[in-house]
Amino acid sequence: MSGMWPLAIGARSVVTAFGLGTEALRAALRERRTGLAPCAFPGAPEGIWAGEVPGLEDATPPPELAAYDCRNNRIAELALRADSFAEAVARARETYGADRIAVVVGTSTAGIEATERAYARRDAGAAGLPADFNYSHTHDLFALPGYLAARLGLNGPALAVSTACTSGARAVMEAAALISAGVVDAALAGGVDSLCRLTLHGFNSLELLSRGACRPCAGDRDGIVIGEAAGLLLLEKPERAAPGSVLLLGGGASSDGHHMSSPHPDGLGAVGAMRAALSAAGLGVGDIDYINLHGTGTRANDAMEDRAVHHLFGDAVPCSSTKGWTGHTLGASGAIEAVIASLCVEEGLVPGCLNVAAPDPEFRADVAAGGNRAKPVRRVLSNSFGFGGSNCALVVGRAA
Amino acid sequence: MKIWVSGVAVLGPGLPGWAASEAVLAGTQPWAQADAVAPPPAILPATERRRTGQTVRFALAAASEATEGVTDRTALETVFASANGDGMTVGGILDAMHTPEGAISPTQFHNSVHNAAAGYWHIAIGSTAPSVSLGGHDGVFGAGLLAAGTAVAARGAGVLLCAYDTPLPEPLAACRPTAFGFATALVLRPVPEGARALLELRHVASPPLDEFAPDGLDALPRGNAVARALPLLRALAGRREATVRLMLTPRSHLECRVTPC
């Protein structure tokens, strides 16, 4: 229903391989610098790359929330420190009250890295996990919204969304629905995911990991580079938007109903999600100036997505993947790419796929590669797809 | 938020499906403890069916029962809610990674995602409708009902809510005890046609009442977070007015006023 959109983005924050904050990411996009490097994460498969967040050693939670300490919540903590985000939420709390702000965040694996460590440090022959391992505050999916709500003193509804690699985008949609239904006046929405052995070895078992920096949409692309990140948005009703600010214009979702880990080859689910997002925003294909692809760098995803984009847009709208900068940050990707979309609007920027001289010659959509393009960008469509056949698309930009 | 409940399902100890349990839930027949086992999901093709574990089976059993006879089943948006997810699969991967020469299978990995049950449901019935999967620890049923109610209210959608949890394997079980499998599902709509009851939902920023009977049917929430749905299921079965308070977080709950149609 059109009454749901648009929403104001009262504040935004990202933590990526470039470190804290939106400005570090903006500079890297402009300068075409990758945040990817050979993977230094302990226990990772041999020969892979990763987009690791720096500075986690200094990101411990406040002492009263020490039970929540894990890699995922440290990245969440950094996102609160970045971009003055915690201060913006504190102001919103003054305005609306702690009960009227929701926390809706996505993650695929929450703090399971803490569980992996607990398994690894079991005493020889011991069946149980170490006594200091705190399952509910780290491994459990609710550990992420639980930490953010406790840290920010919020007492509105808190939801843990976990729809694999669409989690961050889907959380934004759920937050928008809570505001629309009048349950809350504002929501902290987004996603956080962190490197863990389960994810790295899992994607490795599917033979989907690149052996270098990932090269989305290249003819010889060889897979994903996993990254970790946090992306958070403070969503408010549109009348709260600062004049000229970038808005969240719409969101839509679909299911493939096809296969657990392979996308529908013709991208029917992707087309459905993009259509639903445009319809929610009250926009047509001609209103979109740039499409930020899911673009993981796998053979199957990128080919499917090219077909889906071409089906709706032909070659009229430039598209690209920014995963060559950040890696595939899984449940955070939809959220950080919503922030990237807002940067593209502010900058008038179409970031051409990094490490890719020219797109796959088989592709028919207008894939930007080889360099950045400068052009007015008023509205961006941002795609996220995930295992289980989950599809989600968001529209970010200026009001009509 | 006002939403109407039509289809309803349950599967848990001594509750072998809604039709077989309605009188027990209504209190007109006694409850007797009996282990609940979820059958292989008949809606999946044979090869997929064999590979499903108890978690997916509990979820699909409830989703199937709640949507029996629903003609627009494939058009329903879905909300799948589970605190533990597929703990047997995640636990199997953790075991394999900490065993010398242990290897993860690709199937095991894609089944480990929290939205696996939702994925299987949409594959089984050929639905391309939107779907969201939620965690929520002990507040998982309240979280699922809130998200489903919000989808109905905000988008005017018909929604299938499916909540399910099954025990984790050791050594995770010691950290997160779950005594038995339990699943429930509701079909929720923005209009009263064909409805069993009206639900009025309200978020309340005060702690939930967190006390349960020492034994018997009303003690089941002690053994499984999803069984916190029981007071709502009992009101629906008894076709009586009730105000049910469902945990969301340790500091907040969902007030759910039930009015039979």
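Author: Two strands are taken to pair if DSSP finds at least two bridges between them. In this predicted model, chain A has an open sheet of 3 strands, in the order β3-β4-β8, with mixed pairing. The edge strands of this sheet are β3 (37-38) and β8 (226-227) of chain A, each of which pairs on one side only. Strand β4 (residues 49-51) of chain A pairs with β8(A) in the parallel sense, over 2 bridges. A:G51 has its bridge partner in β8(A), namely A:G227.

The largest nonpolar core has 237 residues. A:A79, A:V172, A:A187, A:L235 and B:A62 are the residues with the most contacts inside this core. Helix α7 (residues 140-155) of chain B supplies the largest share of the core, 11 residues. As a general matter, nonpolar side chains tend to be buried together in soluble globular proteins. For A:L235, the contacts beyond its neighbours within four places in sequence are A:L7, A:I9, A:A175, A:A176, A:I179, A:A186, A:A187, A:A189 and A:L248.

The axes of helix α2 (residues 71-81) and helix α6 (residues 143-152) of chain A come within 10 Å and cross at roughly 35°. The crossing of α2(A) past α6(A) is right-handed. On the side of α2(A), the contact is made by A:N72, A:N73, A:A76 and A:L80, while α6(A) contributes A:A143, A:L144, A:Y147, A:L148 and A:R151. Classified by residue type, this contact of α2(A) with α6(A) has 6 nonpolar, 2 polar and 1 charged residues.

The contact between the chains takes 55 residues from chain A and 53 residues from chain B. On the side of chain A that touches chain B, the elements giving two or more residues are α4 (112-120), α5 (135-138), β6 (158-161), α7 (167-180), α8 (197-205), β10 (247-255) and α9 (268-281) of chain A. The residues of that side divide into 25 nonpolar, 23 polar and 7 charged.

B:D35 lies in the loop between α1 (18-26) and α2 (46-51) of chain B. B:D35 counts as exposed because it has 10 C-beta neighbours inside 10 Å, the limit for exposed being 12 or fewer. B:D35 and B:L220 are 185 residues apart in sequence, and their C-alpha atoms are 12 Å apart in space.

Note on methods: Residues are numbered from 1 along each chain as its sequence is written. Chains are lettered from A and ligands numbered from 1 in the order in which they are written. This is a predicted model: local features need pLDDT of at least 70, side-chain atom pairs count only at pLDDT 80 or more; totals for chains, interfaces and linings use all residues. Axes are lines fitted to C-alpha atoms, for helices over the stretch in contact, and angles run from 0 to 180 degrees between N-to-C directions. Helices (H or I, at least four residues) and strands (E, at least two) are DSSP runs, numbered from the N terminus. A crossing is left-handed if the near helix is turned anticlockwise from the far one by less than a right angle, and right-handed if clockwise. Two residues are in contact if their C-beta atoms, placed from the backbone, lie within 7 Å. Ala, Val, Leu, Ile, Met, Phe, Trp, Tyr, Cys and Pro count as nonpolar, Asp, Glu, Lys and Arg as charged, and the others, Gly among them, as polar. A nonpolar core is a set of buried Ala, Val, Leu, Ile, Met, Phe, Trp, Tyr and Cys residues joined through C-beta atoms within 7 Å. A residue is buried if 20 or more other C-beta atoms lie within 10 Å of its own, exposed if 12 or fewer, and partly exposed in between; C-beta atoms are placed from the backbone.
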